[in-house]
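Trainee: I would like a close look at one side chain and then at what lies around it. Please keep it brisk.

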Amino acid sequence: MRLVIIIPLCVIVLFSYAAAYDPLDPNGNITIKWDVMSWTPDGYVAVVTMSNFQMFRHIPNPGWTLGWSWAKKEVIWTMVGAQTTEQGDCSKFKGNVPHCCKKTPTVVDLLPGVPYNQQYSNCCKGGVVSAWGQDPSSAVSAFQVSVGQAGTSNKTVKLPKNFTLLAPGPGYTCGPAKVVPSTVFLTQDKRRKTQALMTWNVTCTYSQFLARKNPSCCVSLSSFYNETITPCPTCACGCQNKKNCVKSDSKFLNTPGAHTPKRDNDPLLQCTHHMCPIRVHWHVKLNYKDYWRVKIAITNFNYRMNYTLWTLAVQHPNLNNITQVFSFDYRPILPYVSINDTGMFYGMKFYNDLLMEAGPSGNVQSEVLLRKDQDTFTFKQGWAFPRKVYFNGEECMLPPPDTYPFLPNAAPVKLLNLTSLIFFLILLLVA
């Protein structure tokens, strides 16, 4: 009886951890750090720093939304670099009115261009945060908060609970706040160290299963040695939007407001058999003696979405021998030090780091030159095609392996050579 109870519990626990584990980015997470910098008559002033340690998953527009529950009856007196979406009921306060009196505040980043007295370092980007592998300097967002009715010492302060993070949609699960050693700061002359009065961390991990039921991108394949193009699987991203899709030549696309994004991020997709917002096409283009060339094309089928700071992560055994990448920036990702088979492609700044909405300009493409390793290189059994593909941190659906472009049968060529040899021998005998 005990085994009957224990085994399902173990499975649930293991699944819950596995759901937020990405084999290509095993250490990827978003860490939210609270540093108490000073005490006030009824609370403290803290700096909240959000660091995105995910290698190829960034926080796109409309940005992050952070929430939590206060442990006691805390209020937010002021905020710099961010704001809460609601003030709540502050009717019991006379004179100075707090910025927020809600038990469960919801905080968002400020937009660019706010006055300087409302800005804080690494703030005011509309909640957009880069991936760590793409730009570590822009993978941080921070704000300052003054908390009242919270206690004025390390022993009386109670840590907030029930943290939630939308970035911008669901998918992140945040653990409990944990007190850690106080953060150490260096002065500008780097001759003196100071430290926070108290520090606690919150770690949030991402699960694609929690974010959505279906994938958000798919992969199609082709090669120079086979005329067959392997398309994305039918309904690869689900066909829920099949009734609301728009044909590429529809007059509806010319109406005002058709391309305006909705508050709920409801897409307007071009009608396709796969019904995916993004398609990644991998084409084996050329084969040289010591090298081979691949063309990568990313197509946007969403008329209401421009993808800024997009990333493409690919797992392939020959990525350990990349010679040159055209039109994209590239950096290897080493989730496991002994295996170098994963890399991240992303757009060049001010050139193609913006993937436009569906239409004539809704695509970006590049070519990759790879050096052959004669011990492992082959075109047989789909070796030339990627094992996994991620767009903006979301795993794309690959076609079934038995549909991959295959090498042509060599038997007719050998038969032709044998026939030519026999015909040549007959001519020689006759002569």
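Is Arg 293 buried or exposed, and what is its relative accessible area?

Mentor: First, the ground rules. This is a predicted model: local features need pLDDT of at least 70, side-chain atom pairs count only at pLDDT 80 or more, and totals for chains, interfaces and linings use all residues. Residues are numbered from 1 along each chain as its sequence is written, and side-chain values use heavy atoms, with hydrogens and water left out.

Now your residue. Arg 293 is buried, with a relative accessible area of 15%. Buried means under 20%, exposed over 50%, and partly exposed in between (1.4 Å probe, protein chains only). Arg 293 belongs to strand β17, residues 291-300. Strands (E, at least two residues) and helices (H or I, at least four) are DSSP runs, numbered from the N terminus.

What does Arg 293 touch? Leaving out residues up to four places away in sequence, its contacts are His 283, Val 284, Lys 285, Leu 286, Tyr 288, Phe 326, Glu 367, Val 368 and Leu 369. Contact means heavy atoms within 4.5 Å. With Glu 367 there is a polar contact, side chain to side chain, at 2.9 Å. A polar contact is a pair of N or O atoms within 3.5 Å; within protein, one must be able to donate a hydrogen and the other to accept it, and residues adjacent in sequence count only if both atoms are side-chain atoms.

Next, Gln 315. This residue sits in strand β19, residues 311-315. Gln 315 counts as buried, at 18% relative accessibility. Its side chain makes a polar contact of 3.3 Å with the side chain of Asp 341. Beyond four places away in sequence, Gln 315 touches Leu 24, Asp 341, Thr 342, Pro 386, Arg 387 and Lys 388. Val 337 is 22 residues from Gln 315 along the chain, and their C-alpha atoms are separated by 15 Å.

Then the cysteines. The count comes to eight disulfides, a disulfide being a pair of cysteine sulfur atoms within 2.5 Å. Take three of them.

One joins Cys 174 to Cys 204, S to S 2.0 Å. The torsion about that S-S bond is about 100 degrees, so the disulfide is right-handed. Cys 174 lies in strand β9 (172-174) and Cys 204 in strand β13 (198-206), so the pair ties together parts 30 residues apart in sequence. Cys 174 and Cys 204 are both buried.

Another links Cys 237 and Cys 276, S to S 1.9 Å. This link is right-handed too, with 95 degrees about the S-S bond. Both cysteines lie in the loop between β15 (226-230) and β16 (278-287), so the pair ties together parts 39 residues apart in sequence. Cys 237 is buried, as is Cys 276.

Cys 100 is in no disulfide; the nearest cysteine sulfur, that of Cys 101, is 6.6 Å away. Cys 100 counts as buried at 1% relative accessibility.

Cys 101 has its own partner, Cys 90, with the sulfur atoms 1.9 Å apart. That link has 115 degrees about the S-S bond and is right-handed. Cys 90 and Cys 101 lie in the loop between β5 (82-84) and β6 (106-109), 11 residues apart. Both Cys 90 and Cys 101 are buried.

Tyr 21 is partly exposed, with a relative accessible area of 43%. Tyr 21 lies in the loop between α1 (2-19) and β1 (30-40).
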